Amino acid sequence: MSIKPRDTYWDVFKGIGIITVVLGHSGFPSMMVLYIINYFHLAIFFFAAGALYKDKHSADPVLFAGKKLKDTWLPTMKYVLLFTLLHNVFLKFNIYSTVANQPMIYAKQEYSSAELITKLFDAFLNSMYAVEMAGAMWFIFPLIVSIVLFCVIRYIVQFLSLQGISKEIVSFGFAIILGMIGVYLTTHSIKLAWRADTALLVLPIMYVGFFVKLHWEKLKLNTFLAIISIIVLYICYRKGLDISYAAGTIGNPALYFIATFFGIYLILYLSKLVTATTHLSIIIAHLGKNSFHIMALHFLSFKVINYIDIKVHGKESFMMAQFPYSNSDWWFLYLFAGLIIPILAVYVYGKLIPKLESLSKRFSLRKTKTSGKIESALAQDIVHQKN
């Protein structure tokens with residue numbers, strides 16, 4: 001299979017993934033579709049992380065872990081802490097509400113200064129599960145854990161001086177063992193810090209992504225297997241398979257892996273079709289490049305549609321706080337807003353920050369020149385007085 005450029009392909013792959021995530025939160029009316037996309041919509045990102053992993057990082061897992069904390073954990077926490085700081089502002093503008101016993105509203109109270117400081121520390125030290133607007137970002141934490149564990153696995157096989165097929169067999173063996181531990185933890189409802197239970201569960205998926213990328217040129221994606229994937233996913237749905245990474249449920253472990261890999265195959269195939277379409281691939285690849293920010297901001301973006309909904313239909317203002325949406329009939333508007341508003345926000349932010357930095361430099365330079373002139377005048381005055 002020839003796909004060029006490959007970076008665009010993987011951006012498209014993640015772009016389709018983030019579309020399914022936002023669609024799953026939008027109030028889309030088909031429960032069958034929602035159940036089925038839950039089988040693979042987050043697995044896509046673990047698979048992509050494996051596919052994009054560079055083996056050069058395996059030489060130093062500690063350095064790699066530090067890089068992941070800097071590049072992924074820190075930006076996540078910036079969003080989490082920002083949303084925490086804005087808690088009282090969100091209450092004021094009905095993004096949150098104090099009204100209790102209303103459908104799809106999770107009542108909240110205003111934070112005092114002391115409570116706000118406590119919540120900031122709590123969010124920083126205990127992830128972000130209490131921060132409603134950042135709720136979709138929970139999976140970033142197991143993503144970091146899983147990719148660091150994968151790096152450790154590759155470090156071990158390199159330390160053992162394994163080569164070729166032996167190296168891959170041992171790597172896959174480690175991934176399977178840790179994956180089975182994840183299956184045990186998940187099926188027994190044991191949740192670990194940073195959702196490491198999920199991180200263990202998805203390691204086989206991450207390794208398969210890595211292995212697929214190693215042999216990318218040999219991979220043949222065809223329509224027949226894509227159709228088979230749809231049929232398998234439908235059968236899993238008819239058998240009542242329920243997968244939710246957030247809730248920590250996978251149903252039957254065998255069906256879980258079957259549904260996950262067939263779902264990923266289907267998205268790989270769709271990504272191939274999209275990549276062959278120039279204009280569509282540019283749009284969806286852009287979504288993929290900004291998937292992190294879309295994940296962070298789409299719940300907040302939904303509030304724009306909630307606001308329009310309460311104005312159009314004369315609803316009580318507190319109903320804007322309904323989460324994640326206030327009108328499932330407008331799911332397509334939520335999908336559009338959840339994808340486009342975060343991109344616009346990132347674009348504006350990207351344009352605004354350089355201008356602010358430029359103004360700051362000009363102000364500092366002007367201040368320095370002014371200070372220099374004052375110091376020179378004072379020096380001249382002192383000399384004049386002495387004379």
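# Close-up views of a predicted model

**Figure 1. A salt bridge joins the side chains of Asp-197 and Arg-195, with an N-to-O distance of 3.3 Å.** A salt bridge is counted when a side-chain nitrogen of Lys or Arg lies within 4 Å of a carboxyl oxygen of Asp or Glu. Both Asp-197 and Arg-195 are buried; the term buried denotes under 20% relative accessible area, exposed denotes over 50%, and partly exposed covers the range in between (1.4 Å probe, protein chains only). The model is predicted, and local features therefore require a pLDDT of at least 70 and side-chain atom pairs a pLDDT of 80 or more, whereas totals for chains, interfaces and linings use all residues. Residues are numbered from 1 along each chain as its sequence is written, and side-chain values rest on heavy atoms, with hydrogens and water left out.

**Figure 2. Arg-154 and Asp-55 pair in a salt bridge whose closest N and O atoms are 2.8 Å apart.** The pair connects distant parts of the chain, 99 residues apart: Arg-154 belongs to helix 7 (residues 140-159), while Asp-55 is in the loop between helix 3 (43-51) and helix 4 (61-85). Helices (H or I, at least four residues) and strands (E, at least two) are DSSP runs, numbered from the N terminus. Arg-154 counts as buried because its relative accessible area is 1%. Asp-55, at 23% relative accessibility, is partly exposed. The whole structure contains eight salt bridges.

**Figure 3. Lys-70 and Asp-71 form a salt bridge, the closest N and O atoms being 3.7 Å apart.** How accessible is Lys-70? Lys-70 has a relative accessibility of 58% and so counts as exposed. Elsewhere, salt bridges that share partners unite Asp-55, Arg-154, Lys-167 and Glu-168 in one network.

**Figure 4. Asn-306, in helix 14, makes a polar contact of 2.6 Å with the side chain of Tyr-334 through its own side chain.** A polar contact is a pair of N or O atoms within 3.5 Å; within protein, one atom must be able to donate a hydrogen and the other to accept it, and residues adjacent in sequence count only if both atoms are side-chain atoms. The Asn-306 side chain also reaches the backbone oxygen of Gln-322, at 3.0 Å. With a relative accessible area of 0%, Asn-306 is buried. Residues up to four places away in sequence excluded, Asn-306 touches Met-319, Met-320, Gln-322, Tyr-325, Ser-326 and Tyr-334, where contact means heavy atoms within 4.5 Å.

**Figure 5. Asn-327 occupies the loop between helix 14 (291-313) and helix 15 (331-386).** Which side chain does that of Asn-327 meet in a polar contact? The partner is Asp-309, at 3.1 Å. Asn-327 counts as buried because its relative accessibility is 10%. Beyond its neighbours within four places in sequence, Asn-327 is in contact with Asp-309, His-313, Lys-315 and Tyr-334.

**Figure 6. Ile-205 lies in helix 10 (residues 203-214) and is buried, with a relative accessible area of 0%.** Residues up to four places away in sequence aside, Ile-205 touches Ala-43, Phe-47, Tyr-245, Tyr-256, Thr-260, Phe-261 and Ile-264. The C-alpha atoms of Ile-205 and Thr-260 are 8.4 Å apart in space, although the two residues stand 55 residues apart in sequence. Across the protein chain, 76% of the contacts between residues at least 6 apart in sequence join residues at least 24 apart.

**Figure 7. Met-32, Ile-227, Ile-231, Tyr-234 and Ile-235 make a nonpolar surface patch of about 430 Å².** Patches consist of residues with over 30% relative accessible area and no salt bridge; like charges are joined within 9 Å and nonpolar side chains (Val, Leu, Ile, Met, Phe, Trp, Tyr) within 5 Å. Accessible areas come from the Shrake-Rupley method with a 1.4 Å probe, and for residues only the protein chains shown count as cover. Helix 11 (residues 223-238) contributes the largest share of the patch, four residues. Ile-231, in helix 11, is partly exposed, with a relative accessible area of 44%.

Figure 8. Cys-151 is buried at 0% relative accessible area, and Cys-236 is buried at 2%. Of the 387 residues of the protein chain, 44% count as buried. The secondary structure of the chain comprises 15 helices and zero strands.
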